[in-house]
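Good morning, and thank you for joining. I would ask you to look at the structure on the screen while I take you through it.

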Amino acid sequence: MSDQRFRHLKDIPSTHIFGSGTPACAGCGGLEVIHQLYEVLGEKTVFINAAGCMTLLSIYPFTPFRGSWLYTAMASAPAGAQGVRDALDILLEQGRIEPSENLTTVVLTGDGSAYGMGLSATSGAIERGLDFIYLCYDNEGYGNTGQQYSEATPHGAKTSTSTGPRGYPGYKKSIFDIWIAGHPAYAATVIGAEPLDLARKIDKAMQFKGPKMITALSPCPTGWGFDPKESVEIGELAVKTGVWPLKEYVDGKVIHTKVPRKRLPVEEYLKRQGRFAHLFNPSRHESTLNEIQQRIDRYWEQVE
Amino acid sequence: MKRILLTGNGAAAWGARLACADYVPAFPITPQTEIIETLADWIDNGEMPGRLVTLDSEHSMITAAGAAAATGVRVFSATSSQGLLYGMEMLYTVAGWRAPFVLVNVSRGLASPITLEPDHNDILAARDCGFLQIHCATCQEVLDSVLIAYRLSEASSVRLPVIVNLDGFYLSFTREPVQIPDLKAAAAFVGAFDAEDIRFRASAPTSQAMAVLGGSPYSYFRYETHLAALQALDAYETIASEFEEKFGRNHPAVETYRCDDAEMLFFMIGCFATKAKVAVDRLREAGWKIGLVRPRLIRPYPAEAIRTILRGKHGVAVIDQNLSMGFGGVLHSELASALYGQPDMPHILASFIGGLGGRDISTEEFFEIATTLKRAIVSGETPAPRLLYTEDELKQIEKLQLIAHVERTGGERE
């Protein structure tokens with residue numbers, strides 16, 4: 001398997017086939033990822049969407065997609081992908097459509113569905129070896145309904161259902177680890193702020209038949225509390241502080257595609273976001289800050 | 001054509017096979033499982049072309065069914081009871097996609113308490129979702145209805161999914177002689193699947209099931225679905241006539257039995273209607289002018305056909321194998337709304353609830369229902385809704401009440 005199609009940033013297609021003027025918030029990190037993914041996948045795709053922010057990309061009678069789209073429900077987008085994929089395969093086998101009419105099946109879902117309600121359908125799709133790409137834009141909360149905490153919310157974050165002085169008491173779980181326990185063909189973490197890494201991973205994913213599971217940390221100005229123009233910078237900080245490890249799962253092995261050798265303190269990432277402001281003001285919440293830093297350090301110790 | 005003994009489940013599977021279903025998303029649930037086991041066996045052993053995939057739930061199963069139909073293949077699926085309700089969100093959703101396919105529901109009572117045995121609360125919970133509903137009374141009808149359902153679902157004027165309903169246990173596991181049409185004759189009747197403009201192709205990108213903003217576009221799509229369901233009334237008549245011409249079996253939207261000179265009628269759906277026929281025969285022998293009306297179509301509701309049959313009759317006993325808590329029988333209230341304010345309709349519309357959770361309705365109970373109805377016609381007073389019990393069952397209930405009393409009071413006498 002080779003990454004050679006995209007050596008440099010300038011190798012990445014910039015045809016801008018994804019339309020503008022969507023109702024997504026300014027600076028949406030999820031939309032940034034969809035833009036980049038779509039450039040690589042192209043328009044011979046059908047996006048099968050679970051309820052979330054991106055459901056509002058296609059509002060009758062307009063769509064930013066040049067290819068196809070099917071909205072399903074919050075819990076069952078992978079099952080929708082199963083139905084579409086199986087139907088296309090049946091039509092191809094029976095010669096009822098030309099091979100040129102075939103489509104790549106892409107599930108588009110937020111973390112609310114991916115980490116929670118949709119997990120059963122996702123697990124089933126992996127187990128059945130469904131040939132599809134699964135993209136989770138992870139904005140670490142139920143963003144579309146006003147950023148309530150989800151199973152993807154990080155420890156200590158203030159959300160609209162964790163407004164107390166300590167923020168969200170739970171811990172973000174690793175959807176990547178849950179996926180690879182089922183041995184998909186490919187799995188990866190990506191972020192819009194690292195477009196070359198992202199493009200290489202999508203390109204690599206397309207070379208496999210079977211479930212290709214992608215999760216993208218998606219900085220969310222509205223839900224996380226930062227200026228939309230800082231979205232890319234926040235994403236970069238997520239990588240540089242080690243909060244969001246960039247990695248992939250191929251042939252039964254996990255490889256980190258970008259190891260931040262000199263990690264910035266996690267504070268650099270946290271203090272830029274309103275959802276963590278209570279950890280710094282009116283006084284520093286040392287124990288929580290230490291705990292968050294220690295968890296990150298422990299992760300990278302295991303990697304290195 | 002061959003004639004063999006088949007269960008209702010077997011007949012449903014044969015319907016899917018004869019209709020040349022391409023795709024079967026599945027999930028096991030009692031008493032439906034025999035349907036998917038039969039289809040899986042045929043497909044695995046090369047007796048039937050097609051693909052069967054077991055999903056992680058009925059919610060996923062109905063999603064996959066709708067998505068495959070929306071991509072352009074012929075889809076069959078089956079479920080029951082809790083499964084139908086687990087998939088309820090998607091029943092509403094895929095009906096709105098206007099994705100034509102056939103879903104068999106094997107009726108079974110709903111929790112709580114949890115039971116395996118049949119009644120109609122599951123299927124009537126799906127009453128408003130946009131699926132059309134055909135209700136069967138015999139195993140032959142199950143097979144025939146699946147074939148008719150594909151034609152109805154795929155008709156250009158309709159384009160809606162259809163549920164074919166049969167009663168759990170009494171029909172699903174009862175063997176009856178069933179005529180199995182020749183594959184060629186059945187295929188000629190059903191025809192090839194035409195996806196029309198609902199499909200996914202690289203050369204013709206399309207967005208399906210998009211969000212709408214505002215009540216106007218929402219109402220537009222909902223009205224369209226409603227009008228399509230209404231158009232299914234005419235489409236059904238045409239398709240059922242063609243079926244009768246080809247196969248010699250008549251399945252009207254509303255079945256009538258000895259209704260012509262009847263003054264009183266039983267009104268019910270499902271396989272217990274065959275027991276009502278026996279009761280009608282016995283009562284006729286005793287000189288009663290009584291008949292049976294059994295709608296096969298529940299959605300769309302064949303209101304005009306029912307009014308025509310009921311015009312000038314004195315009284316109707318509606319027997320509901322369902323219970324809408326705090327109100328009563330669903331079929332009763334629907335019939336009342338279809339008849340109210342119309343000329344020459346029966347003055348007495350008596351409501352009886354029975355056959356819940358596998359409970360039988362005996363011939364004696366049909367006699368009791370008829371007696372109550374006759375008394376009401378004479379007195380001109382509609383009786384209060386009745387929950388049916390036999391004397392033995394009442395003894396059991398009193399025993400349960402006694403136990404409950406002892407548990408609540410610690411055995412103290414009042």
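I begin at the boundary between the chains, where Arg51(B) forms a salt bridge with Asp89(A), the closest N and O atoms being 3.9 Å apart. Please bear in mind throughout that this is a predicted model. Between chain A and chain B the count is four salt bridges, alongside 18 residue pairs in polar contact, both residues at pLDDT 80 or more. On the chain A side, β2 (68–71), α2 (77–93) and α4 (119–127) each supply at least two residues that touch chain B. Which element gives the most to that side of chain A? It is α2(A), with twelve residues.

As for the extent of the interface, 42 residues of chain A are in contact with 36 residues of chain B. The size of an interface is often given as the accessible area lost when the parts come together. Here the area buried between chain A and chain B is about 3,000 Å², and carbon and sulfur atoms give 64% of that area.

I turn now to salt bridges in the structure as a whole. Side chains of opposite charge can pair when their charged atoms come close. Over all chains, a search finds 43 salt bridges. One of them joins the side chains of Glu140(A) and Arg275(A), at 2.8 Å from N to O. Glu140(A) sits in the loop between β4 (132–138) and α5 (175–180) of chain A, and Arg275(A) in the loop between α9 (267–270) and α10 (286–303) of chain A, so this pair ties together parts that are 135 residues apart in sequence. Are these two residues buried or exposed? Both Glu140(A) and Arg275(A) are buried.

The loop between α9 and α10 of chain A also carries Arg272(A). Its partner in a salt bridge is Glu230(A), with 3.9 Å between the closest N and O atoms. Glu230(A) belongs to the loop between α7 (221–225) and α8 (231–240) of chain A, and the pair thus links distant parts of the chain, 42 residues apart. Glu230(A) has a relative accessible area of 19% and is therefore buried, the limit being under 20%. Arg272(A), at 27% relative accessibility, counts as partly exposed.

In chain B, the side chains of Arg307(B) and Glu304(B) meet in a salt bridge of 3.1 Å, N to O. These two residues are three apart in helix α11 (residues 303–310) of chain B, so about one helical turn separates them. Arg307(B) counts as buried at 13% relative accessibility, whereas Glu304(B), at 45%, counts as partly exposed. Salt bridges that share partners also join Arg85(A), Asp86(A), Asp89(A), Glu93(A) and Arg51(B) into one network.

My last topic is strand β11 (residues 264–267) of chain B. In a regular strand the side chains alternate between the two faces of the sheet. In β11(B), Met264(B) and Phe266(B) point one way, Leu265(B) and Phe267(B) point the other way, and all are buried. Which strands pair with β11(B)? Four bridges join β11(B) to β12 (residues 290–295) of chain B, and the two run parallel. Within β12(B), Leu292(B) is the bridge partner of Phe266(B). Four bridges also join β11(B) to β14 (residues 315–320) of chain B, again in parallel, and there Phe267(B) stands opposite Val318(B). Finally, β11(B), helix α10 (residues 273–285) of chain B and β12(B) make a right-handed β-α-β unit.

Thank you for your attention.

Definitions and conventions:
Residues are numbered from 1 along each chain as its sequence is written. Chains are lettered from A and ligands numbered from 1 in the order in which they are written. This is a predicted model: local features need pLDDT of at least 70, side-chain atom pairs count only at pLDDT 80 or more; totals for chains, interfaces and linings use all residues. Side-chain values use heavy atoms; hydrogens and water are left out. Buried means under 20% relative accessible area, exposed over 50%, partly exposed in between (1.4 Å probe, protein chains only). Two strands pair if DSSP finds at least two bridges between them. A crossover is right-handed if, with the strands pointing away from the viewer, the path from the first strand over the helix to the second runs clockwise. Contact means heavy atoms within 4.5 Å. Buried area is the accessible area (1.4 Å probe) that two parts lose on being put together, summed over both. A polar contact is a pair of N or O atoms within 3.5 Å; within protein, one must be able to donate a hydrogen and the other to accept it, and residues adjacent in sequence count only if both atoms are side-chain atoms.
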